[in-house]
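Load the model in your viewer and keep the selection panel open. The stops below follow one another by selection.

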Amino acid sequence: MDLKSPRTWQGRLSLVALLALPFALQGLGTHWVRTADMVLLYTVLALGMNIIVGCAGLLDLGYVAFYAVGAYSTALLSSPHLAENFAWVLATFPAGLHASWWITLPLAAALAAFFGMLLGSPTLKLRGDYLAMVTLGFGEIVRLLINNLGHPINLSNGAQGIGPIDPFSIFGLSLGQRLAFGAVELEPVSLYYYLLLALLLLTLLICHRLQGSRLGRAWMAIRDDEMAASAMGIDIGRMKLLAFGIGASFAGMAGSMFAAIQGHISPEAFSLQESVIIVAMVVFGGIGHIRGVILGAALLSALPELLRYVVGPLQTLTDGRLDAGIMRPLLISLAMILTMLWRPHGLWPAADRGRH
């Protein structure tokens with residue numbers, strides 16, 4: 001690696017900027033740091049979706065189900081819910097289940113990967129619209145199960161959700177408490193920001209390695225022409241299962257982080273709209289292109305908050321006749337439509353797609 005190359009220095013400057021960002025945002029209020037947390041979280045989700053949609057060409061509209069699996073597995077293991085509702089759990093763990101994140105985060109990834117491969121198994125011969133419909137149904141089944149598993153056995157607590165969920169703790173340092181370094185103080189949202197940033201960097205490393213590997217090239221061959229890929233000896237079924245499993249594992253990790261940051265989760269956080277938004281991030285940024293996906297995720301997750309400063313004055317000027325809840329999604333949708341008309345392959349497409 002050439003330490004004097006522009007790309008190396010750009011990477012270093014970007015990392016320094018990302019490390020300093022919470023200190024700058026804290027001066028504007030913790031709300032903006034929380035927005036930065038959500039940007040990082042959605043970027044991890046979008047990169048996982050990009051493996052399934054962008055690399056392997058499999059349209060998955062049930063991706064949010066894996067996100068929910070990660071969140072609820074962490075919630076059950078890091079809250080008093082199971083001890084309060086199951087006598088045998090209380091007898092075994094009198095103080096309640098308070099599992100460490102060193103256990104819950106990898107377990108969330110593993111469970112999500114298992115469910116991803118479980119979903120992939122019966123859909124190996126499906127393509128396009130048929131695959132989209134099956135995965136959409138899977139996502140809705142998981143959400144409805146969570147919503148109705150409050151009776152007769154209270155596993156998910158139904159629509160009320162599960163909480164309080166223990167914050168992550170690293171070597172005795174709780175990320176749910178303010179940390180002070182002399183005159184410098186870091187709020188819990190800032191501490192989670194750095195953990196999310198580390199998770200994102202790990203995700204980027206894995207995605208970059210996968211794209212250049214034999215596995216990544218096999219996925220792209222399947223995406224471009226499944227019949228030709230099969231004729232070249234690629235095991236289509238195995239490759240698709242791996243795409244579903246690996247992509248889902250990132251959603252599981254993101255779900256685990258989401259549960260810890262929120263401290264309480266409920267089924268409405270895992271609606272079909274979330275899956276659609278994550279797919280939109282991948283397509284909007286540049287499907288199959290890691291940098292484009294990051295750009296799309298950052299823009300679409302931050303825009304709703306930034307548009308508060310546009311919609312608010314418009315609402316005041318019209319004496320409240322413009323509803324902010326309608327205007328913000330409308331403006332985002334218009335921006336996406338205009339962008340896709342102008343850049344049909346996304347804002348930052350891969351080089352081979354940008355030439356077509």
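**Cysteines and helix pairs**

The structure holds 0 disulfides, a disulfide being a pair of cysteine sulfur atoms within 2.5 Å. This is a predicted model, in which local features need pLDDT of at least 70 and side-chain atom pairs count only at pLDDT 80 or more, while totals for chains, interfaces and linings use all residues. Residues are numbered from 1 along each chain as its sequence is written, and side-chain values use heavy atoms, with hydrogens and water left out.

Select C55 and C207. The sulfur of C55 lies 7.4 Å from the closest cysteine sulfur, that of C207, which is too far for a bond. C207 is likewise in no disulfide. C55 is buried at 5% relative accessibility, and C207 is buried with a relative accessible area of 6%. Buried means under 20% relative accessible area, exposed over 50%, and partly exposed in between, with a 1.4 Å probe and protein chains only.

Next, select helix α2 (residues 30-55) and helix α8 (residues 188-211). Helices (H or I, at least four residues) are DSSP runs numbered from the N terminus. α2 and α8 pack at an angle of about 20°, with their axes 9 Å apart. Axes here are lines fitted to C-alpha atoms, for helices over the stretch in contact, and angles run from 0 to 180 degrees between N-to-C directions. The angle makes α2 roughly parallel to α8; angles under 35 degrees count as roughly parallel, over 145 as roughly antiparallel, 65 to 115 as roughly perpendicular and the rest as oblique. By class, the contact of α2 with α8 has 18 nonpolar, 6 polar and 2 charged residues. Ala, Val, Leu, Ile, Met, Phe, Trp, Tyr, Cys and Pro count as nonpolar, Asp, Glu, Lys and Arg as charged, and the others, Gly among them, as polar.

Stay on α8 and pick L210, which is found in that helix. L210 counts as buried at 15% relative accessibility. Which residues does L210 contact, leaving aside its neighbours within four places in sequence? They are I51, L215, G216, W219 and I246, where contact means heavy atoms within 4.5 Å. L210 and I51 are 159 residues apart in sequence and 8.9 Å apart in space, C-alpha to C-alpha.

S249 is buried, with a relative accessible area of 15%. Not counting residues up to four places away in sequence, S249 touches A109, A112 and A113.

Helix α6 (residues 101-120) packs with helix α3 (residues 64-77) at an angle of about 140°, with their axes 8 Å apart. A112 is one of the α6 residues in that contact, and F66 and L77 are among those of α3. The α3 and α6 contact has 9 nonpolar, 5 polar and no charged residues.

**Last stop**

Select H81, in helix α4 (residues 81-85). H81 is buried, with a relative accessible area of 6%. Its contacts beyond four places in sequence are L76, N154, L155, S156, N157 and I162.

Technical notes: Helix = DSSP H or I, 4+ residues; strand = E, 2+ residues; numbered from the N terminus.
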